[in-house]
Amino acid sequence: MLRKLTVKNFAIVEEVSFEVKEGLVVFTGETGAGKSILIEALGFLLGARAHLDWIRTGAQRCEVEAAFDLKDFPAEMRKSLGLKMETVRLRRELDMSGKSRAFLEGQAVPLSVLSHWGDSVLDFHGQHEHQTLLKPSMQMEHLDQFAGVGALRQKINTAYEEWNRLKIQQQSIQLSEEEKSRRIEMYCFQIQEIDEASLSAGEEEEMEILLPRLKNAEKIKRLTSSAMGALYEEEISVQGGLLKAQRSTEELAKLDGSVAEPHQLIGQALTYVEEAVNRLRLYGEQVDVEPEKLDEVFARQEKLARLKKKYGSTVDSILSYRERIAEELSALENAEQRAEALQSRLEKTRRQLSRYCEEIHLERLRAAQKLSQKIIQELRELGMPSVRFSISVDMEEEHFSPTGADQVEFMLSPNVGEPLKSLRSIASGGEISRVMLGLKTVFAQEDKVPVLVFDEIDTGVGGVIARAVGEKLFTLSRSHQVLCVTHLPQIACFGSQHFRVAKMSSDSTTTVHVENLDRESRLEEIARMLGGNRQITQVARSHARELLEKTSRS
């Protein structure tokens, strides 16, 4: 579970830090107070794409840090880092240059590490997911997650890529003779041009090192000679002075043993000077004034520049291009011989892909029936007693894609007498929220992700339905830590921990304050929510007290 969250210089947040408890943790506050900013900050920490406008005005960087229970993470992840403490600290920074840095227990790590750790411990439901749930592609993702067909999906994707690659090869074989001849001639010319250049990996980097030496050869030799003269060759040199000092301190050490250490240091200095002189001598011998060599490097750079304009931005990409067109050339030149073998491979791959598609189709059908029943049960508990829900899984044979040959669609009938229709065509905001909450509840039971985050799951609901949503979130919190941003008192009253988020403005700045509410403060906040942010009345306080007491008894 999440233990602590610290946010610094993120959007309008200057600095907030608070500890989080188990159960249902609710965040309330007026519209625009910054509740969702805290959720965005948590998403940023765990790998979301960074935006410079997240850095607070006037600050140089933003920073988010969180502490999680280590036991919530998979054993192999804990073992890979040798962590044995009770909690683990994750931190991410973003500066004005756009550079983002990630840390795990104070040690710099790739951002993918935080993202991977985040995926294993926390599941987000943000406001944007209301719309993504309407997309059939996302509905298929949800169904496949429930069905547990990830390995089969990977097989399908691999087979589809192979099938598609073979189809492209077959098309190249089936080109007209005129087009085939044109391509063969073009590929031969390109291969010859690249081969004549005798490219080698890393040569650009070598020229970048060599060119400054050649361009400044005279200056380099003059400076090298000057340095060697000052150190060794001139009448009054560093080495000469050190030798004189060494002789003097040697005599001194005989008279006073305390001078032994300075004498040793002078000896060491002489050794360093001699090493410097030797290295400068070798360096100077390697540098020659060669105008012809400089012209050769410039000419080579020009040749590489011409090739890069045609075939790739680097020498490595040019060589990769050459390898690819050589394969295509071989395929074109041996088209007739390869056609029969290619057709055989294509048919074999098609049959394999078709088998995989049939297999995943059956798995999806079975999962669709089970998932539909679970979602119906959840929706009925969320105030939709007459709901019908079904998942359509239609297979289009030979219409292959990286996910198979199925079209998946969530179908909903919220009221008695209404036919099942696609979710995207009939669902209201409140219905979408409840379907999403139902899905999250089902998946939470299946995958055991310990922390669930809901950012305004209550969109489009109110009254009795809002209380049903609150009860569902409270039920979820018995087996998970649930963080919930809400504007409804019927949901907030179910929280086992309640934070009020407030925005405070002065003449020049705006800051966000997060307060962990005690019993009396919580009563006032619920009363404020009931009163629509107007002045709190005794009637509102009485209603708030009734809500809280009723919730505590449920």
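**Reading a helix pair and a strand**

A: In this predicted model, helices α12 and α13 are oblique to each other.

Q: How are two packed helices described?

A: The general idea is to give the angle between their axes and the distance between the axes. Here, the axes of α12 (residues 291–311) and α13 (residues 315–333) come within 10 Å and cross at roughly 55 degrees. The crossing is left-handed.

Q: Which residues make the contact of α12 and α13?

A: From α12 come Leu304, Leu307, Lys308 and Tyr311, while α13 brings Val315, Ser317, Ile318 and Tyr321. By type, these contact residues are 6 nonpolar, 1 polar and 1 charged.

Q: Let's turn to a strand. Is β3 mostly covered or mostly exposed?

A: Strand β3, residues 24–28, is mostly covered, with 5 of its 5 residues buried. Its side chains can be sorted by direction: Leu24, Val26 and Thr28 point one way, and Val25 and Phe27 point the other way.

Q: Which strands pair with β3, and in what sense?

A: One is β13 (residues 481–485), which pairs with β3 in the parallel sense over 4 bridges. Another is β14 (residues 497–505), also parallel to β3 over 4 bridges.

Methods: Residues numbered from 1 in each chain as written. Predicted model: local features only at pLDDT ≥ 70, side-chain atom pairs only at ≥ 80, totals over all residues. Heavy atoms only, no water. Buried < 20%, exposed > 50% of the residue type's maximum accessible area, 1.4 Å probe, protein only. Helix = DSSP H or I, 4+ residues; strand = E, 2+ residues; numbered from the N terminus. Pairing = 2+ DSSP bridges. Axes fitted to C-alpha atoms, helices over the stretch in contact; angles between N-to-C directions. Parallel < 35°, antiparallel > 145°, perpendicular 65-115°, else oblique. Left-handed = near helix turned anticlockwise from the far one by under 90°. Contact = heavy atoms within 4.5 Å. Nonpolar A, V, L, I, M, F, W, Y, C, P; charged D, E, K, R; others polar.
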